[in-house]
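Here's a quick walk through the fold, from the overall layout down to a few single residues. Have the model open as you read.

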Amino acid sequence: MKRHGLGTTKTMLLFCALLVGAEVLITLLAIAISRAQGNSARDGLETIWLSWGGSPLIFALGMPFLLLIGAITALEERQEVDEDDVLLSIDAVGVHLGGAQPRTVRWDEVRGICRIERPLGSSEDDEWEPFLVVLLHEAEALPRSSKAWGPSRPWPGSHEVIGRAMPYDDLVAAVARYAPTVPVSDRGRVPD
């Protein structure tokens with residue numbers, strides 16, 4: 001599963017390109033409306049771009065430069081390996097967890113994979129966050145704290161601005177494909 005949503009450079013480039021396009025369209029509409037009313041084109045442009053102390057004009061002039069910088073960044077990213085965008089990968093080798101501290105756990109080390117929810121603050125707050133945990137201990141020998149069960153990451157896709165969380169059934173199917181003997185479970189809320 002790869003990172004999606006507004007966190008990616010490509011999405012931000014598309015968003016900025018749409019803004020620049022909207023700016024050009026607004027400018028052309030202002031000129032057309034001013035001309036149709038018999039006024040000079042300058043009147044319409046001043047009304048739009050010089051309102052609020054000239055902030056729209058400053059924004060409109062700066063956006064193409066930001067778009068150019070973003071395009072250069074996207075080209076550089078394309079040449080680099082996109083390991084930072086990989087949140088979770090399951091293959092014949094094992095489970096690859098992405099993020100700030102990427103880690104690969106080989107299948108011979110994995111005792112299970114589970115989805116849990118941990119409290120954000122105290123368990124009374126009723127705010128819980130989903131996590132994916134690669135169990136390194138047998139189910140009967142799990143430590144009391146879920147943080148010691150094995151490497152964990154926030155549930156893939158649950159922190160994206162515009163994205164979708166990984167469906168639990170997709171995890172079950174991927175594990176069954178490469179390691180059918182590894183149990184996958186949803187343990188629900190686990191207060192630490």
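## The big picture

A contact here means heavy atoms within 4.5 Å. Among contacts in the protein between residues at least 6 apart in sequence, 53% join residues at least 24 apart. What you're looking at is a predicted model, where local features need pLDDT of at least 70, side-chain atom pairs count only at pLDDT 80 or more, and totals for chains, interfaces and linings use all residues. Numbering starts from 1 along each chain as its sequence is written, and side-chain values use heavy atoms, with hydrogens and water left out.

The secondary structure comes to four helices and seven strands; these are DSSP runs numbered from the N terminus, with helices (H or I) of at least four residues and strands (E) of at least two. From the N terminus on, the order is α-α-α-β-β-β-β-β-β-α-β. Of the 192 residues, 31% count as buried. Buried means under 20% relative accessible area, exposed over 50%, and partly exposed in between, with a 1.4 Å probe and protein chains only.

## The helical start

Helix H1 covers residues 9-36, and Ile31 is found in it. Ile31 is partly exposed, with a relative accessible area of 28%. Leaving aside neighbours within four places in sequence, Ile31 is in contact with Ala41 and Leu45. The C-alpha atoms of Ile31 and Leu45 are separated by 6.9 Å, with the two residues 14 apart along the chain. Glu23 also has its place in H1, and at 10% relative accessibility Glu23 counts as buried. Not counting residues up to four places away in sequence, Glu23 touches Trp49, Phe59, Ala60 and Met63.

Helix H2 (residues 41-49) has Ala41, Gly44 and Trp49 as its buried residues. They cover an arc of only 105 degrees around the axis, so they sit on the same side of H2; the arc is that of the directions from the helix axis to the C-beta atoms. The face turned away from that buried side carries the exposed residues Arg42 and Thr47.

## The three-stranded sheet

Next up is an open sheet of three strands in the order E1-E2-E3, with antiparallel pairing. Two strands pair if DSSP finds at least two bridges between them. E1 and E3 stand at the edges with a single partner strand each, so one side of each is left without a neighbour in the sheet. Neighbouring strands are turned by 15 degrees against each other on average, direction ignored. For such angles, axes are lines fitted to C-alpha atoms (for helices, over the stretch in contact), and angles run from 0 to 180 degrees between N-to-C directions.

Three bridges join E1 to E2, and the partner of Leu88 in E2 is Leu97. E2 and strand E3 (residues 103-106) pair over four bridges, with Arg103 in E3 as the bridge partner of Leu97. E2 and E3 form a hairpin with five residues between them, and Gly99 in the turn has a positive phi of about 110 degrees.

## The four-stranded sheet

The other open sheet has four strands in the order E6-E5-E4-E7, with mixed pairing. Its edge strands are E6 (152-154) and E7 (184-189), each pairing on one side only. Neighbouring strands here are turned by 25 degrees against each other on average, direction ignored. Strand E5 (residues 128-135) and E6 pair in the antiparallel sense over three bridges, and Phe131 stands opposite Pro154 in E6. Helix H4 (residues 168-178) lies across E4 (112-119), E5 and E7, running at about 150 degrees to E7.

Arg118 lies in strand E4. Is Arg118 buried or exposed? Arg118 is buried, with a relative accessible area of 6%. A polar contact of 2.9 Å joins its side chain to that of Ser146. A polar contact is a pair of N or O atoms within 3.5 Å; within protein, one must be able to donate a hydrogen and the other to accept it, and residues adjacent in sequence count only if both atoms are side-chain atoms.

## Two cores

A nonpolar core is a set of buried Ala, Val, Leu, Ile, Met, Phe, Trp, Tyr and Cys residues joined through side-chain atoms within 4.5 Å. Of the 16 residues in the largest one, Leu88, Val95, Trp107, Ile113 and Leu171 touch the most other members. E1 (88-90), E2 (94-97), E5 and H4 each supply at least two of its residues. Apart from it lies another core, of eight residues, among them Ile116, Phe131, Val133 and Trp149.
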